[in-house]
Amino acid sequence: MSRSIIDHLWLIPAAPLVASLVILSLANSRRKSAAALAVAGQLAAFAMSAVAFLPTLRSDGFRSTHNFAWFVFGEQTLRLGFILDPLGVAMLLMISVVGLCIFIFSVGYMAADKNFVRFFAYLSFFSGAMLGLVIANSLLLLFVFWELVGLASYLLIGFWIERPSAAEAAKKAFITTRIGDMGFFLGMLWLYDRSGTLLFYDGGRGCLEPAGLAMLGGSATLIALLIFFGAAGKSGQFPLHVWLPDAMEGPTPVSALIHAATMVAAGVFLVARVYPLFSWGALDGVTPSLTMVVWVGVTTALMAALIAIAQTDIKRVLAYSTVSQLGLMMVSLGVGGVAAGIMHLLAHGFFKALLFLGAGSVIHGCHGEQDIRRMGGLRRSMPATFATYAVGMMALSGVPLFFSGGWTKEEMLHVAANWPPSRAPYYLIAIGVILTALYMTRQIIYVFFGSRRAAAKQAHESPPVMTLPLVALAFCSVFFGVVLTPAWPWLHGYLTGESVRFDPMRLIQPIFFVSLALVGAGIGLGAWMYRKAGAQDGDRPAEIDPLEYAQPALFRFLANRMWIDELYARTIVAFAWASARMSDWLDRRFWDGLARGLGAVGRLLSIFATGVDERGINAGVDETTMGARGLGRLLSLAHAGRVRVYLGVLALGAVALLLFYAWLD
Amino acid sequence: MTPTLQSFLIVSAALFSIGLLAALSRRHAIFVLIGIELMLAAANLNFIAFWRFGPQQEAPVGVLIALFSIAISAAEAAVGLALVIAVYRHYRTTNVDQLDQLKG
Amino acid sequence: MNSAAFVLISILMLGAALAAATLRKLMHAALCFALTFAGLAMFFLLLGAEFVGLALVFIYIGAVAVLIVFTILLTRRDAVKERRFSWVGAVIAVAAFGTLAWSILRTESVSVVAHRVPPLTVGRIGEALMTGYVWPLQCTGVLLTAALIGALVLVMEEKQ
């Protein structure tokens, strides 16, 4: 049974991809068909993922692969394959469920858009590519899907093609991730060169299995770092994080699906997938590559959280929040808590999608307004949105006990605390937790509490087609936590292959209190600082943020994203422009001049040849004919026409001849 | 002094030269013809002389040649004179210098 | 062979020839022409070619000279005014004679005297003509015919 499942695993990404192709062929008017096809494709993928889930429940550390030869060149064969294991299946389920909710939401959100059909084609395409990514058993196959996902992201960020800012953002996203992909590709090449195979698991010969890893020797660290560079690009880690906030130019469902739940998760997923490479030769669970991962993650988490405090666009706050959370996941993976990181990834997928869709609902209700300073008091006019958004906010902040996010945050703090080299990451991410709670509280106060400002005055609740997915995701955000508690760490055991047992006594761990304290501090601080946000408070005008009023310089620094984008523009981008200009000059002046010079030489030669032909040859021929004519004229003088002359000449000739003969004697 | 072949040859050479003189230095067409006849006659004399002083053969070759030469020269003289008359009729002149239409 | 006869005949012939070449008056020149051939005929008789000599007399003096006289008479309109003597012709003629004489005198093989020969009979000539030399004879006949016709054609009055 499981054999046939693994052999047909490729059907799961195939369903949405086929749906995408069919939708592309539809006319723009066939909206219902497009939406129906997309949702059907996604449902099919979900159903098949559920079926694939079953075999993995059976044994511990289940892993089944289906490898095939792709093409043969010379004596080498390039093999690809699919893998069925807990990590992959968990991702499949999350992607298909979240995707399904977002697809349904988009039916309502994009109802007014005239490119409805194209949107669903791209969404399905993305979904198929993402599903394929998580079940790939070959680094090359993974890379192929990786690139396809990047392409889908580009198409979807720049979906509103008439907006220049959207096109710019799409370009920025693509190029930034491309830089990361360069590292990924180099690492892949190096890996192939050293180990001879790109298959992860291949009956003992795979590159992630001990025999394959042993072939790498000392280069394992560098290969891992190169691959991590690619993951950092895709997951928006520092310094390649700059594209993610700009990616908010795309429609909100896109932000929800791609830039919160799934695509950005691909980087974290990649690290988890090739974890044996990262942890090869670990001493005490620590390797140089993993240490690098930790520090990059920590930096990203803190930096993004700080920036999020000063953002005024509802989606930007969430975008930086995503970056920060991804950093947290990377830290977790780096310190050895692979399961913890993946669990947070899955939970984050649910509640971040929920938050983005909620933001989308708010934007829709406020007729396109995205500035949180111009919203307020929406909890009365958009109650369903408010309720679900609050659930998402609390899950993200890590409120313990009831929300999945709380349990995963607790787990991550736990593994970070136990990292042998240093406790600094632990302290730093603790600060990150406080900040997360802080900025989420700020946002929710601005948007839903206080008095109604500006666009919020005419706000109305969104239609059920949009609010129902919100409810579904909120449900998941809460009840997903059931399998995450320490009392019954089922998911943890599922992912790691360890056996678990239900033990209610273990529900409250020591770390629970730490987490509770941190979250409480954050929410409390936020509630106090921003209690009068959006409203006039003494000297402070209504539109000025309280933090901005208190610390303008700091606020400006954070609001401008720590000037990192500007730094890049001044240095890297400027350099690229200068190179381009120099190339252009070189091409135009130098090569063009060279070509023209050659042309001039050719022309000169032709002039010379013409000259030779005209002066030399023609003149020569003319002279010769003149000479012949002259000679003829000269010779014709011999024709005197008079008989006597002829006779005389004849006689003379005869005499001469006679003399000659006589002389001969 | 007995006349040798040499002397006959010299005489014929002289006759020939005189004929040449006549042909070259006179402008009248008939004189040219006279000159030609004289030259031919000189040649005939040569032949006969050689026949007489040379070894005698079965057939008198020299004599025969001279005979033929006489016949032919007579024919040629006739035609030549006819030409002179024809030219005279056409151009009203017998001056050979005036017949230079073939002048190149 | 009598050398005195030789000298006399040669003087006669050469003198007449010279006269024929240089005389101004055409008629006189023609008559001297005839005299030259008379001298030549005597030479032939001296040499023992009687038939040829007589043939010479018949043909040249009897026909050619007469023809010439006739032609002179027929083309008398404009008197050819002789101008100064052309020296070029004289020079060439002298040169020719000089060369010939010089080469003759240099050749020893021609310094022979005449030996006795059997007299040449007409019968022998005729026999030779009819046997060995019949072809030239016939050709000469054709030639003569052609010349006759040609001359006639040349002087024919053009039909108006």
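In what order do the elements of chain C run from the N terminus on? They run α-α-α-α-α-α, and the legends below start with that chain. This is a predicted model, in which local features need pLDDT of at least 70, side-chain atom pairs count only at pLDDT 80 or more, and totals for chains, interfaces and linings use all residues. Residues are numbered from 1 along each chain as its sequence is written, while chains are lettered from A and ligands numbered from 1 in the order in which they are written.

**View 1. Chain C has six helices and zero strands.** Helices (H or I, at least four residues) and strands (E, at least two) are DSSP runs, numbered from the N terminus. Of its 160 residues, 29% count as buried (20 or more other C-beta atoms within 10 Å of a residue's own, with C-beta atoms placed from the backbone). Take contacts in chain C between residues at least 6 apart in sequence: 54% of them join residues at least 24 apart. Two residues are in contact if their C-beta atoms, placed from the backbone, lie within 7 Å.

**View 2. Chain B meets chain C.** Here 61 residues from chain B and 70 residues from chain C take part in the contact. On the chain B side, α1, α2 (29–53) and α3 (61–91) each supply at least two residues, and α3(B) gives the most, with 20 residues. By class, this side of chain B has 45 nonpolar, 12 polar and four charged residues (Ala, Val, Leu, Ile, Met, Phe, Trp, Tyr, Cys and Pro are nonpolar; Asp, Glu, Lys and Arg are charged; the others, Gly among them, are polar).

**View 3. Chain B meets chain A.** In this view, 12 residues of chain B are in contact with 12 residues of chain A. Helix α1 (residues 5–25) of chain B provides the largest share of the chain B side, three residues.

**View 4. Helices α5 and α6 of chain A pack together.** The axes of α5(A) (residues 116–134) and α6(A) come within 8 Å and cross at roughly 155° (axes are lines fitted to C-alpha atoms over the stretch in contact, with angles from 0 to 180 degrees between N-to-C directions). That makes α5(A) roughly antiparallel to α6(A), a term for angles over 145 degrees. Residues making the contact include A:F125 and A:M130 of α5(A), and A:W146 and A:L155 of α6(A). The contact residues divide into 14 nonpolar, one polar and no charged.

**View 5. Helix α6 of chain A is largely enclosed by the rest of the structure.** Of its 19 residues, 14 are buried.

How values were computed: Buried ≥ 20, exposed ≤ 12 C-beta atoms within 10 Å, placed from the backbone. Parallel < 35°, antiparallel > 145°, perpendicular 65-115°, else oblique.
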